[in-house]
Amino acid sequence: MKMSQIPSRETKPPFRTTRAFIQKHFDEFLPIYPLFVDSGDRFGPEISNMIHQSYDGLKDGLHPPELVSAGIGGTYYLRDTSGDPVSVFKPLDEEANSANNPKGYDFVYSTADMITAGGGAAREIAAYYLDHPIGRRRVGLTGDQVLGFSGVPPTVLAHCLHPNFTYSNGYAYAMENYKKGSLQMYMKNDGHFGKKKKEEEEDDKEEEEEEEDEVPTGLSMEEVHKISVLDIRMVNLDRHGGNLLYKKKEDGTLELIPIDHGYCFPKTFDDCCIFKWLKWPDARRPYSDEVIKYIESLKVVEDIAYLRKFGFTIPDKCIRVFHISTMLLKKGATKKLSPFQIGSLMCKETENVETSSIKKIVDEAQAEADGLPNTSEEDFLNIVYRITEARLDEIPPPTT
Ligand SMILES: Nc1ncnc2c1ncn2[C@@H]1O[C@H](COP(=O)(O)OP(=O)(O)OP(=O)(O)O)[C@@H](O)[C@H]1O
Ligand SMILES: [Mg+2]
């Protein structure tokens, strides 16, 4: 193929390209298509820039992808031609419990309902798609307001090829070595709330300290509440402090940036949620009217239809959990309960007991449904809603 036949960058890869297209033109196109994005949608300027800059950086080759040491999965910073990080690529075959996990977590943990290996990327993308701005559901990713209510960084599905990724069976310059994964905008930040690393001089090893319980200075109620809405709604099993970045604003307050949503939307409530913000004082204050209005505007049926429109296949079990978490958030907020009171129902009851109140409610509903003939999913959810309502009515309103 002559150079003149190569499609222009604006309309062809890395945008809206199918794997079949790349496959067809693999020999001619590979050197110039290290990354392509598989989407039925067009992107707005910020997301387009992120993709183009990542693409140009990969093509340029001076600042190749580099494995991030934090986290248990394979996470790579993609840099622009000047070397600044512009995006974060997480291949799905390098997630925990996957064969190509570069950190030795290829087959390690299994709790009651850990997300299936390889299911993280879809969840990362779903979290962005569903985190829509106040007053306006996203109709696509073209919008001017790139960040939604909770500030999940823009995340799209991408395919990327580079020898720096982890190939446990060896790397070859081949179509099948394109990695599929989530491509998320790199968010400039001033740190996170996770474990701090200290240098061990004697053996030159890094050791992690425990996560601090201290309340960070500069937090505002609005920022804490925006994260709580996201985590309760999406049933986040993994909001430890390392998955919450912060950026210092000019007025000295902190903007919170939620990352890493690969353990949201589980299939059951068997695992308890982890909410870093639960112990922060602002979590004990009820939501403002504006936030309650946002929460009331959430509609699971529309959310599911929206995800399906973009090709997500969502297991029925995840849909059930999503219905229940959204209902819990709505009912709790309407009753003027605090994020602490609502969120506590999804977390461990005590250090030693691995059961949350919401799991108990669902189990109770299941037992009741099992005693009835022909219970539909709607009937089951109505039983859950009734039991939840009664449970929430027992909780006194917050005192602060
Ligand atoms: N969008 C982003 N912007 C800036 N830095 C990021 C972003 N996403 C990830 N990182 C950095 O990469 C690290 C690893 O990413 P991430 O937490 O998503 O990986 P993980 O392996 O899924 O982690 P975990 O062990 O929490 O499951 C983060 O701790 C953070 O330092
Ligand atoms: Mg993480």
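User: Let's begin with Asn 374: is it buried or exposed?
Analyst: Asn 374 is exposed, because its relative accessible area is 76%, and the cut-off for exposed is over 50%. Keep in mind that this is a predicted model.

User: Where does Asn 374 sit in the chain?
Analyst: Asn 374 is in the loop between α10 (357-370) and α11 (377-393). Its phi is positive, near 50°, and Asn 374 is not a glycine.

User: OK, what about Lys 336, what is its phi?
Analyst: Lys 336 has a positive phi too, of about 65°, and it isn't a glycine either. You'll find Lys 336 in the loop between α8 (316-334) and α9 (339-344).

User: Switching to the ligand. How many residues surround ligand 1?
Analyst: There are 21 residues around ligand 1, and the closest are Gly 73, Lys 90, Met 185, His 240 and Asp 260. By type, the shell divides into ten nonpolar, eight polar and three charged residues.

User: Which polar atoms come up against the oxygens of ligand 1?
Analyst: A polar side-chain atom of Lys 90 is 2.6 Å from an oxygen atom of ligand 1. His 240 also has a polar side-chain atom 2.8 Å from a ligand 1 oxygen. With Ile 72 the backbone is involved: one of its N or O atoms lies 3.0 Å from an oxygen atom of ligand 1.

User: How much of ligand 1 does the protein bury?
Analyst: The protein buries 91% of the 620 Å² that ligand 1 exposes when taken alone. The elements giving two or more residues to the shell around ligand 1 are β4 (85-91) and β6 (179-185).

User: Asp 260 was on that closest list. What does the side chain of Asn 243 do with Asp 260?
Analyst: The two side chains make a polar contact, at 3.2 Å. Asn 243 lies in the loop between α5 and β10 (244-248). Asn 243 is also buried, because its relative accessible area is 4%, below the 20% cut-off.

User: Tell me about α5 then. How many of its residues are buried?
Analyst: 13 of its 14, so α5 is mostly covered. Helix α5 covers residues 221-234 and reaches 20 Å from its first C-alpha to its last, close to the 20 Å expected at 1.5 Å a residue. Just after α5, Val 235 takes a positive phi of about 50°.

User: Last one: where is Tyr 173?
Analyst: Tyr 173 is in the loop between β5 (155-160) and β6. Tyr 173 counts as exposed because its relative accessibility is 54%.

Notes
Residues are numbered from 1 along each chain as its sequence is written. Chains are lettered from A and ligands numbered from 1 in the order in which they are written. This is a predicted model: local features need pLDDT of at least 70, side-chain atom pairs count only at pLDDT 80 or more; totals for chains, interfaces and linings use all residues. Side-chain values use heavy atoms; hydrogens and water are left out. A residue is near a molecule or strand if one of its heavy atoms lies within 4 Å of it. A polar contact is a pair of N or O atoms within 3.5 Å; within protein, one must be able to donate a hydrogen and the other to accept it, and residues adjacent in sequence count only if both atoms are side-chain atoms. Accessible areas come from the Shrake-Rupley method with a 1.4 Å probe; for residues, only the protein chains shown count as cover. Helices (H or I, at least four residues) and strands (E, at least two) are DSSP runs, numbered from the N terminus. Ala, Val, Leu, Ile, Met, Phe, Trp, Tyr, Cys and Pro count as nonpolar, Asp, Glu, Lys and Arg as charged, and the others, Gly among them, as polar. The expected span of a helix is 1.5 Å times one less than its number of residues. Buried means under 20% relative accessible area, exposed over 50%, partly exposed in between (1.4 Å probe, protein chains only).
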